[in-house]
Amino acid sequence: VYTVVLTDPSKPLPHRFSLADLERVSTVVSWEEKRFVWQDEAFKTCLLDLDGPPEAKRFNEIVHKVGAAAIAASKVDVSFTRIAPPVGQWWTDDSRGLLRTVLGPSGARKMQNLVLGKDDTVQHVLVAGKTGSGKSTLFHTIIIGLALSYSPDEVELYLVDFKKGVEFKNYASHLLPHARVVAIESEREFGLSVLQGLDAELTRRGEAYRGAQVQKLADYREQTGQRLPRILLLVDEFQEFFTEDDHIASQSSQILDRLVKQGRAFGIHVLLGSQTLAGAYSLARSTIDQMGVRIALQCSETDSRLILADDNPAARLLSRPGEAIYNAENGRIEGNNRFQVARLTDDERDSYLKRVLGLAEARGYTRVPVIFEGNAAAEVEKNHLLAEQLAAPMATTLPRAPLAWLGEPVALRDPVAARFSRQSGNNLLIIGQNEEATLGMLGIALISLASQIPMSDETTFYILDFGAADAPFAPFLADLAALLPHPHQYGRRHHLPTIINELAQEVQRRLEADESGAPPKYLFLCGLQRARDLRQEESFGPSYSYSDEPVPPSPAQQFTTILREGPDVGIHVLLSCDTVTNLNRTLERRALRELAMRVVFQMGAEDSAAMVDTPAASKLGPHRAFFYHEEEGRLEKFRPYSLPKAEWLKGVGEQL
């Protein structure tokens, strides 16, 4: 590094700055008597004739080239392969004492390590960096580094990304064996369920420690011989937990505080990342103060003081992506260590993940992570409960309350399902303008029930299809009906009076015979808004007949009877409608009360309040719905199932 320093002797120098000290180690050229003099005894008498500046055009060319070269020279590009452990050392590290992984070079010869568990203060990590600062690259470096150094028995990862992107998607698609949870474009509800799961694990480990009479992870593993792995929870854009003042924010704050304060003894570590720590939506300062490791990438002076310390604005001077400050002294200035995050390309990351998965398969690791993809519809192929039901032999006894699976929950629990017990109101309404989504749910519900209901000589399933005939998915219900081994009837508009009349008479017969235990029957009605025969009759008085014969009930009246009386005798209705307006046009208010189970997609606040007693459905985004059970007072957000793939349906037909 060569430095050219210009100084004006007539101006005062900075405080305590000695120009003589600089002159002793420099070549000095000074302006004396209208000429430059080289301050050297051998050359002092020589005439120093300096070159003049080039022409303006040439001058600009030089400046642009030097500027481009300076920018290129300022880039520090260190490949992850330089810091990755050799293949022979993969999965050889032991996490009993601590977790360690290399982040990148610090200076010319040193490497910066992330170390967790070394002592009571070095347990949790706070990361801040503006857009483009290299925060995502840092996270990938940490995840891949841990996955190469430690086996799944030594470390478990919980990865939650609230950002509108797919940074963690590769860990889901490659089934990273260390990952227990991978959440992409996560919902606040799902993030809270992850925290609740870790809170339960904290309690479980506490009980195990008490049983073994130990206080540290290393002592527990040594005494019991069990490989209790360390856990790292990594949450990107964690402030999403606190964007609303509700029970989710309150519970999240409490659990995070508990994990940060108590997790260190049980090998549970928390890494929280954000673009900024400023603003109202953030974690309590008392919790942040417990996070001893701070990593600051490029950020504002305000964020530098928030993530490091009030008197430590050093991060504002970071000038390039990936340049960062590692501080394991709770942000104090003396703890600052500059380093450069290693570069890990997408292709390199995929290559490492494939090799890690191969290593896991070779060693017999079969566990797969729980995957939540907030930017996609749920896939019924991943419903393990339905898969087990389809693989089991055909049922020979009637279940007390068959389940119709509807989608994946926005939480760590079993798929969302409507339970059809024999009591009034146990009918299902699906209301939304996405006809493909409602059709998919009705179809999966039909498959779910068919897998649980024993064969019968009587018709079990009635399907009235009012779907748009020109839609690309129009044949779906007809094709699905053809796969059913149970007796069934499929029809369109002109079949409605016959099917409704048959079911209404069966309801009446069972009521008169008190046959509450008769085989169940299910009416699937897709597209209620197009079923004109079921609309309320606009009459201002009773109907009269000019003969002595009683007027037969209309299909609309019979349908109301089925809704009201059917569930008690095992006859249930599952129907879809596009809007609340069309629903009210077709069904009278007392009939609506018989649809106690409801699935609602995004709709206006007033319609939402009318359907599920809250305007919350007005805030639903794509691939989201609410399941509402009026009698249970239950409201649950979930991701509805999309139309199943043809290959999966073919397999279902063979299993049924």
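Tutor: Helix H6 gives the largest share of the lining of the largest pocket, with five residues. This is a predicted model. H6 spans 188-212. Two other elements also give two or more residues to that lining: helix H8 (247-262) and strand S23 (634-640). In total, 35 residues line the pocket. Glu187, Arg188, Glu189, Ile248 and Lys637 lie nearest its centre. The space inside is about 930 Å³.

Next, the position in the chain. The domain assignment gives domain 1 (19-74), domain 2 (106-373) and domain 3 (422-534 + 552-646). Domain 2 and domain 3 both give residues to the lining, so the largest pocket lies between them. The centres of these two domains, taken over C-alpha atoms, are 45 Å apart.

H8 lies across strands S8 and S9. Its direction runs at about 125° to S9. S8 covers residues 230-236, and S9 covers residues 268-274. The two strands pair in the parallel sense, over six bridges. Within this pairing, Ile231 has Ile268 in S9 as its bridge partner.

S8 and S9 belong to an open sheet of nine strands. The order is S12-S11-S10-S5-S9-S8-S6-S7-S13, and the pairing is mixed. Strand S12 (336-340) and strand S13 (370-373) stand at the edges. Each has a single partner strand, so one side of each is left without a neighbour in the sheet. On average, neighbouring strands are turned by 15° against each other, direction ignored. Helix H4 (residues 135-149) packs on this sheet too. H4 touches strand S5 (125-128), strand S6 (155-161), S8, S9 and strand S10 (293-296). The direction of H4 makes about 165° with that of S8.

One cavity of 30 Å³ or more is counted. The largest cavity holds about 50 Å³ of space. Its lining consists of Glu435, Leu439, Asp465, Gly467, Ala468, Phe473, Ala474, Leu477 and Cys526. Six of these lining residues are nonpolar, one is polar and two are charged.

How values were computed. Residues are numbered from 1 along each chain as its sequence is written. This is a predicted model: local features need pLDDT of at least 70, side-chain atom pairs count only at pLDDT 80 or more; totals for chains, interfaces and linings use all residues. Side-chain values use heavy atoms; hydrogens and water are left out. On a 1 Å grid over the protein atoms alone, a cavity is a set of points where a 1.4 Å probe fits but cannot get out, and a pocket is an open set with protein on both sides within 12 Å along at least five of seven lines; lining residues have an atom within 4 Å of a point. Grid points are joined across faces, edges and corners, and a volume is the space filled by probe spheres set on the points. Helices (H or I, at least four residues) and strands (E, at least two) are DSSP runs, numbered from the N terminus. Domain bounds come from an automatic or database domain assignment. Two strands pair if DSSP finds at least two bridges between them. Axes are lines fitted to C-alpha atoms, for helices over the stretch in contact, and angles run from 0 to 180 degrees between N-to-C directions. Contact means heavy atoms within 4.5 Å. Ala, Val, Leu, Ile, Met, Phe, Trp, Tyr, Cys and Pro count as nonpolar, Asp, Glu, Lys and Arg as charged, and the others, Gly among them, as polar.
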